[in-house]
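Work through the exercises below with the sequence and the 3D view at hand. Try each task before reading its solution.

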Amino acid sequence: MNILDQIGYKPEKMHLGSACKKEGHVLEDLGLTPRYKSNNYCVFCHRQYTQAHSDRLKVKAQQYRESHEEELRQKRYEKYHADVAASREKGKAYRKANPDAKKAQHQRYREKYRDVLPAMVARYREKNRHTILAQRRKHYKNNKDVLCRRKRENYQKDRDKFLERSRLWIKNHPEAAKIRNRRRIAKKKNVHRLKYSFAELNSHLQSFGLDCKCVYCDKEKGSTLDHFLPISLGGADILSNLVPACRSCNASKYNNDPRDWYKRQPFYKRSRWLKILKVLGKTEQNYNQIPLL
């Protein structure tokens with residue numbers, strides 16, 4: 001290591017100039033003094049001064065940052081976007097070399113914006129919802145094995161906490177829980193399925209009537225979702241194969257052919273049967289055709 005490396009010489013910020021007259025700082029082998037390009041100050045003199053007045057300079061720097069916050073933020077923004085790739089690499093290197101400093105910086109930021117941060121995060125997530133979902137899917141796809149293993153380990157460490165959280169989520173989101181459960185069953189049985197949101201499901205169910213009664217008996221509330229063509233008969237877990245049904249009709253129908261079962265019921269009505277087929281986009285001839293959409 002040469003003498004310039006030992007003193008932390010940075011060519012982009014410093015240059016070798018005339019000998020320091022104030023304190024006599026000179027590189028013996030070169031007979032020159034390293035100086036800052038911005039103000040031609042002697043590097044050694046500047047370091048001595050900052051060490052002797054470090055507390056006062058820190059306070060002064062903090063006051064300057066607070067009084068010029070917007071101006072500094074704009075400069076950082078312009079500098080970052082002038083070369084995004086280089087800025088990101090520089091940030092990664094800094095975070096890797098100074099993990100504790102970066103954590104402290106995040107903590108100070110959270111403390112400073114404690115009151116407004118939740119609203120800022122909510123607005124950002126709402127504005128960039130699709131981008132965030134795409135990033136999460138990509139991350140999960142690229143790290144599926146690691147994430148699944150980590151999830152299993154965390155579950156085993158605190159099983160009761162995970163179960164309680166799951167019960168609370170099901171209690172607060174009953175409709176979403178039903179959708180999730182149906183997807184899980186369909187995936188387990190390896191049947192054809194297409195994802196649908198709660199809003200799409202609700203809109204589909206409204207097609208059977210605003211009161212959302214059981215499509216079969218038309219007496220009880222359609223509190224469950226029934227696969228019109230049962231999964232065991234090749235039915236798919238998609239909107240065009242779902243109908244609202246009461247618990248009694250759903251359990252009674254089970255895995256029977258829908259037309260054969262319905263005609264055996266005392267509450268059978270041909271007009272109601274035709275309405276079901278119309279909403280599902282079927283006819284008398286193709287009612288048992290396996291839907292794909």
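A residue counts as buried when its relative accessible area is under 20%, as exposed over 50%, and as partly exposed in between. The model is predicted.

**Exercise 1.** Describe the overall dimensions of the chain and state what share of its residues is buried.

Solution. Start with the secondary structure: the chain has 15 helices and four strands. Next, take the extent of the C-alpha trace, which is about 110 × 40 × 40 Å along the principal axes. Then turn to the radius of gyration, which is 34 Å, whereas a compact globule of 293 residues would have a value near 19 Å. Finally, 25% of the 293 residues count as buried.

**Exercise 2.** Classify the aromatic pair Y109 and Y113, and the aromatic pair Y262 and F267.

Solution. The structure contains eleven aromatic pairs. In one of them, Y109 and Y113, the ring centres are 4.8 Å apart and the planes make an angle of 45°. Planes under 30 degrees apart would be stacked and over 60 edge-to-face, so the angle of this pair falls in the tilted class. For Y262 and F267 the centres are 6.3 Å apart and the angle is again 45°, which makes this pair tilted.

**Exercise 3.** Are Y109, Y262 and F267 buried or exposed, or in between?

Solution. Y109 has a relative accessible area of 40%, so Y109 is partly exposed. Y262 and F267 are both buried. These two residues also belong to one aromatic cluster, together with Y216, F228, W261, Y268, W273 and Y287.

**Exercise 4.** Which side chain of opposite charge is nearest to K282, and which backbone oxygen lies 3.3 Å from a polar atom of its side chain?

Solution. First locate K282: this residue is in the segment after α15, a helix that covers 270-280. K282 is buried. The nearest side chain of opposite charge is D257, at 10 Å. The oxygen in question is that of Q289, at 3.3 Å from a polar atom of the K282 side chain.

**Exercise 5.** Place H139 in the chain, and give its accessibility class.

Solution. H139 is in helix α8, residues 129-142. Its relative accessibility is 45%, so H139 counts as partly exposed. H139 and R110 are 29 residues apart along the chain, and their C-alpha atoms are separated by 26 Å.

**Exercise 6.** Over which ring does the charged end of R165 sit?

Solution. The ring is that of F162, with the charged end of R165 at 5.2 Å from the ring centre.

Key
Residues are numbered from 1 along each chain as its sequence is written. This is a predicted model: local features need pLDDT of at least 70, side-chain atom pairs count only at pLDDT 80 or more; totals for chains, interfaces and linings use all residues. Side-chain values use heavy atoms; hydrogens and water are left out. Rings of Phe, Tyr and Trp (its six-membered ring) pair if their centres lie within 6.5 Å; planes under 30 degrees apart count as stacked, over 60 as edge-to-face and the rest as tilted. Buried means under 20% relative accessible area, exposed over 50%, partly exposed in between (1.4 Å probe, protein chains only). A charge sits over a ring if NZ of Lys or CZ of Arg is within 6 Å of the ring centre and within 35 degrees of the ring normal. Helices (H or I, at least four residues) and strands (E, at least two) are DSSP runs, numbered from the N terminus. Lys and Arg count as positive and Asp and Glu as negative; His and the chain ends are not counted. A salt bridge is a side-chain nitrogen of Lys or Arg within 4 Å of a carboxyl oxygen of Asp or Glu. A polar contact is a pair of N or O atoms within 3.5 Å; within protein, one must be able to donate a hydrogen and the other to accept it, and residues adjacent in sequence count only if both atoms are side-chain atoms. The radius of gyration is taken over C-alpha atoms; the globule rule is 2.2 Å times the number of residues to the power 0.38.
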